[in-house]
Amino acid sequence: MIHKHASKPTRETVTLDSATSKKWTGILGTIGLFGLIASGIGLGTDRAQFFHSYLTSYMFCLSLTLGCLFLTVLQHLVGAHWSIVVRRIAEVVMSNVGLMVILFVPVALGLHDLYHWTHHDAVAHDRLLQQKEPYLNTTFFFIRIAVYFLVWFGVSRFFFQRSVQVDETQDVGLIQSMRRFSAPSILLFALTQTFASFDLLMSLDPHWFSTIFGVYFFAGSVVSAFSLIALIALLLRSSGKLVNEITPEHYHDLGKLMFAFTVFWTYIAFSQYFLIWYGNIPEETIFYLNRWEGGWRTVSLFLAIGHFIVPFVILMSRHAKRKLALLGFMACWIVFMQYVDMYWLVLPNLHKQSVGFHWLDVATWMGVTGIWGAVIVRRLGQQALIPAQDPLLIRSLEFENV
């Protein structure tokens, strides 16, 4: 439904003042720097713990970045109007791909500590690893990672630069070019994101495999990306920005998509579990066995309840999607559960019998997420908070749910 009384936004309402931007960039940057320094100290005391904790935090931020990349490209592919007012937030988050290349360096340095298939003596005595060696070898691994980042960086830069240029030139041709490039970009994203999840997460246990794992990682990335967009929009609203531009109607739709992709994530997670349980193949069941022993059983149950039952029950209500305080809480909760999911995927490969929470889990999270968040806030202060000159912006501003 279209509401015909929306007012055109002014420059003051769609830009983040430099004082606020600098303040929060400094706060988040300081948190990130402190976390990285503490993590560096931890590296010297517990090398294996550091790299596993760091990979958890890294994959958490990477999943949010890739989720926003997908949502940006998807909007151009389907020609969505309602989401134009929240598109710039997704664009800013996805533009952190370049930063994720830099933050990947510690993962590259810790390859031997993280991935069992990099141990030549282990491969020499393991027939299964020998069969997988043409794919799971260090040289080919780095080649694939380079390809993934080149694709993600190229796609994100293409869409972000043209979106900002539309604000400056009002050139409709730029929007048409983004629409044309969106279909091949989705295909490239699907391939690279799937294989990246295989390489960075599934290969932590090289004996285990799941053909549905790429979709599992994708589902978590998207639901947490929708939640992050809602959370950032609400934080901007609390500072007096985008109060009239992003209305309860838009938050309602974000809430619906959070609910829908919560169900999708659950469907994929259960499908993966059910097929492995039904097949009862030792190389597959070991994944869940490791996550059902000791303290990991509690984490597994918490993940099932927290990532599905809690958001499913609360977000089912129309009232919850339109009550901004409650929606903001659920957005925080889902983003938090995405970190729990990454923790559940990574840390059992180090601590097989017990959860083993470590202070490095907190330090690496502060370091990676702090720097990642500081760059996002800094970039939010460098251009309009919405695509202010998009010719279809007025339709987004006038949007109402049926």
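How much space lies in the second largest cavity? I noted about 40 Å³ of space there. I worked on a predicted model, in which local features need pLDDT of at least 70 and side-chain atom pairs count only at pLDDT 80 or more, while totals for chains, interfaces and linings use all residues. Residues are numbered from 1 along each chain as its sequence is written, and side-chain values use heavy atoms, with hydrogens and water left out.

**Entry 1, cavities.** I searched on a 1 Å grid over the protein atoms alone, where a cavity is a set of points at which a 1.4 Å probe fits but cannot get out, and a pocket is an open set with protein on both sides within 12 Å along at least five of seven lines; lining residues have an atom within 4 Å of a point. Grid points are joined across faces, edges and corners, and a volume is the space filled by probe spheres set on the points. I counted two cavities of 30 Å³ or more. The second largest cavity is lined by Asp205, Phe287, Asn290, Arg291, Pro348, Asn349 and Lys352. For classes I took Ala, Val, Leu, Ile, Met, Phe, Trp, Tyr, Cys and Pro as nonpolar, Asp, Glu, Lys and Arg as charged, and the others, Gly among them, as polar. On that basis the lining of the second largest cavity has two nonpolar, two polar and three charged residues.

The largest cavity holds about 50 Å³ of space, and I listed Leu201, Met202, Asp205, Trp208, Phe213, Phe287, Arg291, Leu345 and Asn349 as its lining. By class, this lining of the largest cavity has six nonpolar, one polar and two charged residues.

I then turned to the open sets and found a volume of about 1,000 Å³ for the largest pocket. Its lining has 34 residues, of which Leu28, Leu228, Leu231, Trp365 and Thr369 lie nearest its centre. The elements that give two or more residues to this lining are α1, α2, α11 (213–238), α14 (296–315), α16 (324–346) and α17; helices (H or I, at least four residues) and strands (E, at least two) are DSSP runs, numbered from the N terminus. The largest share, 10 residues, comes from α17. I sorted the lining of the largest pocket into 25 nonpolar, eight polar and one charged.

Of its 21 lining residues, Tyr273, Tyr288, Trp292, Ser300 and Trp344 are the closest to its centre. Two or more lining residues come from each of α12 (248–279), α13 (282–290) and α14, and α12 gives the largest share, eight residues. The lining of the second largest pocket divides into 15 nonpolar, five polar and one charged.

With 28 residues at 1.5 Å a residue, helix α1 should span 40 Å, and the end C-alpha atoms are 40 Å apart, so the two agree. I used buried for under 20% relative accessible area, exposed for over 50% and partly exposed for in between (1.4 Å probe, protein chains only). In α1, Ser21, Thr25, Gly29, Gly32, Gly35, Ala38, Ser39 and Gly42 are buried, and the buried residues of α1 pack against α2 (47–78) and α17 (359–380), with contact meaning heavy atoms within 4.5 Å.

I took a disulfide to be a pair of cysteine sulfur atoms within 2.5 Å, and the count came to zero disulfides. Cys61 is in no disulfide, the nearest cysteine sulfur being that of Cys68, 11 Å away; Cys61 is buried, at a relative accessible area of 0%. The sulfur of Cys332 lies 15 Å from the closest cysteine sulfur, in Cys68, which is too far for a bond, and Cys332 is partly exposed at 40%.

Which residues other than glycine have a positive phi? I noted Leu242, with a phi of about 60°, and Asn280, with a phi near 55°.

Key. The expected span of a helix is 1.5 Å times one less than its number of residues.
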